[in-house]
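Have the sequence and the fold open side by side. The paragraphs below walk through the packing step by step.

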Amino acid sequence: MEGCIVTRDDTKKLLMRISSVYPNWKPQAELKYVVETWWEYLSEYTYDEMRAALKTYISTDTSGFAPSVGQLIDKLCTISNPTELSEMEAWSLVSKALRNGYYGAEQEFEKLPLLVQKTVGSPSQLRNWSQTESDSVENVIQSNFMRTYRAVLSREKEISKMPPDIKKIVNSALKGIESNGS
């Protein structure tokens, strides 16, 4: 089954697992509609991914409520991206890049992870920051960077949870915004 997308039968198995752990879970619609709806949203993933997401949800759940489709996809994203940088770790990379940021802004920018690059914006921004007084860098710029990084990270997480067809629409719109801003 590894590598195969979730089938209707797989969806039924997942729903049976949910019912066995959460006996009070009683969908309001007929079972065939519940299976069809869940399958529509889970069919973008493999059965192994969704089984792992469900296992993670059940293992960490303290609410006693069955998961929604979105909660399983959220767990899958957490499993898939366990090593995302904290705000301080991201800032530490930028701070290090600033040391060579005047003459080596392009090279330093390219070394940064993609989310950090998106937060910084451009090599020229890195160059500008490298020329700023150190007190301002460590207070104002750091604070603004961290706030922006949180927003970029949050947006990227939300986009990563979207179905591929919706991601294409969002990414196309973002590319349009970026090309108009250049």
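The model is predicted. Start with the nonpolar cores. In soluble globular proteins, nonpolar side chains tend to be buried together. Here the largest nonpolar core has 21 residues. Those with the most contacts inside it are Leu14, Leu15, Ile18, Trp38, Leu42, Met50 and Leu72. Which helices each supply at least two residues of this core? They are helix H1 (8-21), helix H2 (31-42), helix H3 (47-60) and helix H4 (69-80).

Ile18 gives a view from inside this core. Leaving out residues up to four places away in sequence, Ile18 touches Trp25, Trp38, Leu54, Ala66 and Pro67. One of these, Trp38, is also among the core residues with the most contacts.

There is a second, separate core, of 17 residues. Its members include Leu98, Leu126, Ile141 and Met146.

On the H1 side the contact uses Asp10, Lys13, Leu14, Arg17, Ile18 and Val21. On the H3 side it uses Tyr47, Met50, Arg51, Leu54 and Ile58. How does this contact divide by class? It has 7 nonpolar residues, 4 charged residues and no polar ones. Leu14, Ile18 and Met50 take part in this contact, and these three are also among the residues with the most contacts inside the largest core.

Asp10 is in helix H1. Is Asp10 buried or exposed? Its relative accessible area is 1%, so Asp10 is buried. Asp10 lies 157 residues from Lys167 in sequence, and the two are 24 Å apart in space, C-alpha to C-alpha. Ala52 lies in helix H3. Ala52 counts as partly exposed because its relative accessibility is 34%. Ala52 and Lys75 are 23 residues apart along the chain, with their C-alpha atoms separated by 8.7 Å.

Turn next to helix H5 (residues 87-98) and helix H8 (residues 123-130). Their axes come within 9 Å and cross at roughly 75 degrees. Angles of 65 to 115 degrees count as roughly perpendicular, and H5 and H8 are therefore roughly perpendicular to each other. H5 makes the contact through Val94, Ala97 and Leu98. H8 makes it through Leu126, Trp129 and Ser130. By class, the residues of this contact are 5 nonpolar, 1 polar and no charged. Leu98 and Leu126 also belong to the second core.

Ser130 lies in helix H8. Apart from residues up to four places away in sequence, Ser130 touches Leu98, Gly101 and Tyr102. The side chains of Ser130 and Gln131 are joined by a polar contact of 3.4 Å.

Helix H7 (residues 114-120) comes next, and Val120 lies in it. At 6% relative accessibility, Val120 counts as buried. What does Val120 touch, not counting residues up to four places away in sequence? Its partners are Val94, Phe109, Leu112, Gln125, Leu126, Trp129 and Phe145. Among these, Val94, Leu126 and Trp129 also take part in the contact of H5 with H8.

Where does the side chain of Gln117 reach? One backbone oxygen is that of Leu112, at 3.1 Å. Another is that of Glu110, at 3.5 Å. Gln117 and Val94 are 23 residues apart in sequence and 9.1 Å apart in space, C-alpha to C-alpha.

Notes
Residues numbered from 1 in each chain as written. Predicted model: local features only at pLDDT ≥ 70, side-chain atom pairs only at ≥ 80, totals over all residues. Heavy atoms only, no water. Axes fitted to C-alpha atoms, helices over the stretch in contact; angles between N-to-C directions. Helix = DSSP H or I, 4+ residues; strand = E, 2+ residues; numbered from the N terminus. Parallel < 35°, antiparallel > 145°, perpendicular 65-115°, else oblique. Contact = heavy atoms within 4.5 Å. Nonpolar A, V, L, I, M, F, W, Y, C, P; charged D, E, K, R; others polar. Core = buried A, V, L, I, M, F, W, Y, C linked by side-chain atoms within 4.5 Å. Buried < 20%, exposed > 50% of the residue type's maximum accessible area, 1.4 Å probe, protein only. Polar contact = N/O pair within 3.5 Å; in protein donor to acceptor, adjacent residues only side chain to side chain.
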